[in-house]
Structure formats: structure tokens, C-alpha cells
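Subject: Structure for you to look at

Hello,

Here is the structure I promised. Please open it and keep it in view while you read my notes.

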Amino acid sequence: MPTIIDHATIVSADAGRRVLYDAAIGIEDDRIVALGPSAEVHARLPGAEVVDGRGKAVMPGFANCHTHFTLTLSRGIQEDFSFPSTLKFPRAVASYITDEERTVMAQLGALESIRSGTTAAFEIGGNLEVYAEAMASTGIRIVLGETAADLDQPKAAHDGVFEYDDARGEASLERIEALHTRWHGAADGRLSVAVAAHAPEAVSPGLLRRLRDLQERLGTIATIHLNQSWWEVEAVMRVRGVLPTEYLFQNDYLHDRLVAGHCRCMETREIALLGRSGAYASFNSAIAARRGYSPRVSELAAAGCTIAMGSDNMAEDMVEVMRTGLFMERVRLGDGEQPTPEEVLQWATANGHRALGLTDSGSLEVGKKADLIVIDTQRAHLVPTMRIVSAFVHQGTPADVRSMMVDGAWVMRDGAVLTMDEPAIVAEAERIGRRAWGRLLADYPDVPLPIRLDTTT
Ligand SMILES: [Zn+2]
């Protein structure tokens, strides 16, 4: 049955950034089929289920263009130990959990994403096959970015020695291809698979070029962590003799289907190179802020990059990501007017969907996919609602997002997530986190940890 949400404020995030007041949106199957005055939309879709949109705003869902759901395992712990982490455990906490437990942590990240209005997420990590099926059943769009690297990363992090191994690179290429064969286009097209070089220092020139060939052959998008830290810049200079973005340019990894995550520690000539390639820059604002970094976003945009946004391993909360991004860029520029909330919303919606190769969603327009969120605007922190985009970017919270639709199907309705057992996942994730950290601390009692963790289970 078609659905109409009527008498709502509709934020299109289309090219004209239209906001329609007291308007309706009509949905049939997976598509938006009508948009305009409520009476007209009712006439177009007689017999539709009607959702009362009074006191509500309807927006396209957010696209989180850089995240790692399973790093929810380190919540409240890693945030204060910078990057690269100054906590020096010989084993990663993730090695203490089973595949089933890893799946639960990924579901936790997806749950939080849904609650804060994300309808499309770029999940980047290794061995994503483990929880691909769980991601398919979240109901949202997920791009699985299977990570490739041939560097012995623990050795580089601990001893500063950079050793590359062809077999390791080969295994990553095989994992990407296998994941693509099995999952690309699954869940009615909501799942897709991308090529994810881990970071410039972690991939040899040969592997970078093979990843580029694979990306072109599969016809998918690509990503990489780029200019993430001064440690990376120093490492690439030392091992390759050029800056990270120059290294990618030399090895054909810069192009207009690349989502470059971070783009923080960049020289002006790197910004120019990235811009000329037409790549997307994922502004991962909250994690940049917590690490004390601020990318030069307006310069990246002026050079030709399209700005998108991501959470990385901070809260899976694009409301926080938007507001932090707006604040950071204003502080950096010393400008109380730029960027505007309307611009930031565009980064987090239309631009982000395009970055993920999702040309059919990201704005509310007739003919596009019905991927949308419904926000309760009648809240103490949002009224009066004469300029809802600004009110929401400046004052909104994820809890204002009450309902979500993807592909025309409700994923969350009136505050209840319909695709996952939220209480069970939350309880299980609490148990998993306490147990994994408890075992790590018990195994390495002599590693300095300047905080106290309550790991009782
Ligand atoms: Zn990351």
C-alpha cells in the first residue's frame, strides 16, 4: 500500500535546497512518487496509508562515509589516547572476541546509526564476511569496504620497521573479490562492496596499483585513510620519499570514485592534487576534534573535492558529526557565518550518498528512492521551527529522529527499531565489552593504563 506523510515540513536537500512547508510526500513501493501540497499528493495516491506529519520534518537520511562499527568495543577507552594510540598492549582487544561477538558489536554500531538518522553507511574493516549477513538485515544501505594492506602493521606501530609481504596483499585482494562476489547487490541492492586500501603507509606501490585495477574491474568505489596523522606523513616521507597524497597520485589511486577519509595533515600541494582528481573528502569531524586536528575543508572544496562526512570510531551519530563539523570549520576560519547549516546538511546527505555511489538516494525528489527520516520538531530545543535546517544542525539531537524509511520500508517507526532486537543487542554488547577488556587487562597487568576500568561482569 502507498504511504503519504502529509502536512509536514519537507527538507529536500536537492540541488535547489528546497524546503516545503505544510507539504506531503507520497511513497509507492521503494520510490518517492509525489511531493507537494498535501491535497495534490492525496489526489495522486487515493487509498494510501496516511501518516500525520504535523509537527514533523522529513529529510533524506544521512550518509556516514567512514565508520568502523566493531570499534564500539573500545567505547569510553580509546577516545583519550590519541592516534596512533598511546596505549601499548601487545594484543588488540578485538582478538579477545569471537566472530559471533564481533557481529553483535557491528549490530550495535548499526543500531546507533539508525537511531541517529543514518540510512547509508560505509563500514570499513577486515574480514567483513563475518557480519555481512547481519548488515544485510539491518534494513539500511551499507557499503562494505574490505581493507587491504601488505604492511606488517603491528611491527610498524611498535618498532617503526616497515616490512611489506606480497602474500598478505594477495590475501586482501582475494578477500575483497570474494566479498564482492557474494554480497555486492545483496538485500535488494542495499549492500554493496568497495575496495579499501587501509592507508598510504600500509600499502606498497604494487598493491595500490592492483587495488586500483580491481576497483575498475569491479566497477565499485574505493576508499583509504588519507593524511590521518603526522605519524603517517613522516612514515610515507621516510619509506617513499613523497607526501601521502603524492604517493597515491604516483600510483594511480586518486580518482573521482575515491572517498578519501580524514584529509587532515595535508600540504597545500596535496590539497590541489586531491582536488584535481575529483575525489570525495570525508570530513570525519568528531574524531578529528577529539584528536586535536582540523582539516582545511573549505580549501579542499575550493580545490575540487566534494565534501562528505563520517563518524569514524566516535559516536555513530551524524547529528553530532554535522554540528562538530560546522563548529570546527568556523573556529578554523574565524568566521561566524561559514559554513552554513544548509551546506553542512548537504555534505551529510546528498554529497555523502553520491560519494557512496548511491545516485538514487540522498535527496527527496520524485523518482528517487524513499530513504528518509522523520524528525519530531515540537521539542523544547527545536521550536520555533521557522528555519528547521538551522535549528536541527545547531540544536538537534539524535533522539529527535523518530522514524526512518529505506527503500520505502520502515526501519524505525515512532522510536522503535523494527529490524533488530535492540534490548538484546545492547545487553550482549555490554557483556562482551566487559569480558574482552577484563581478559586483556588480566593478561597484561604491567602495561600502563592511566584510567580505571570497571570490568566486572
Ligand atoms: Zn577510520
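First, a term: two strands pair if DSSP finds at least two bridges between them. Keep in mind that this is a predicted model.

**The sheet**

The model has an open sheet of 8 strands. Their order is β6-β7-β8-β9-β10-β11-β12-β13, and the pairing is parallel. Which strands stand at the edges? They are β6 (62-67) and β13 (306-309). Each has a single partner strand, so one side of each is left without a neighbour in the sheet. On average, neighbouring strands are turned by 25° against each other, direction ignored.

Now look at one pair inside the sheet. β10 (residues 222-226) and β11 (residues 258-262) run in the parallel sense and share 5 bridges. Leu226 has His262 in β11 as its bridge partner.

**Helices on the sheet**

Helix α3 (residues 129-136) lies across β7 (118-125), β8 (141-148) and β9 (191-197). It runs at about 170° to β8. Helix α5 (residues 166-183) also packs on the sheet. It touches β8 and β9, and its direction makes about 160° with that of β8.

**A helix pair**

Next, find α12 (residues 318-333) and α13 (residues 341-355). They pack at about 135°, with axes 10 Å apart. The two helices are therefore oblique to each other. Their crossing is right-handed.

Which residues of α12 meet α13? They are Met318, Val321, Met322, Gly325 and Leu326. On the α13 side are Pro341, Val344, Leu345 and Ala348. By class, this contact has 8 nonpolar residues, 1 polar and no charged ones.

Best wishes

Technical notes:
Residues are numbered from 1 along each chain as its sequence is written. This is a predicted model: local features need pLDDT of at least 70, side-chain atom pairs count only at pLDDT 80 or more; totals for chains, interfaces and linings use all residues. Axes are lines fitted to C-alpha atoms, for helices over the stretch in contact, and angles run from 0 to 180 degrees between N-to-C directions. Helices (H or I, at least four residues) and strands (E, at least two) are DSSP runs, numbered from the N terminus. Angles under 35 degrees count as roughly parallel, over 145 as roughly antiparallel, 65 to 115 as roughly perpendicular and the rest as oblique. A crossing is left-handed if the near helix is turned anticlockwise from the far one by less than a right angle, and right-handed if clockwise. Two residues are in contact if their C-beta atoms, placed from the backbone, lie within 7 Å. Ala, Val, Leu, Ile, Met, Phe, Trp, Tyr, Cys and Pro count as nonpolar, Asp, Glu, Lys and Arg as charged, and the others, Gly among them, as polar.
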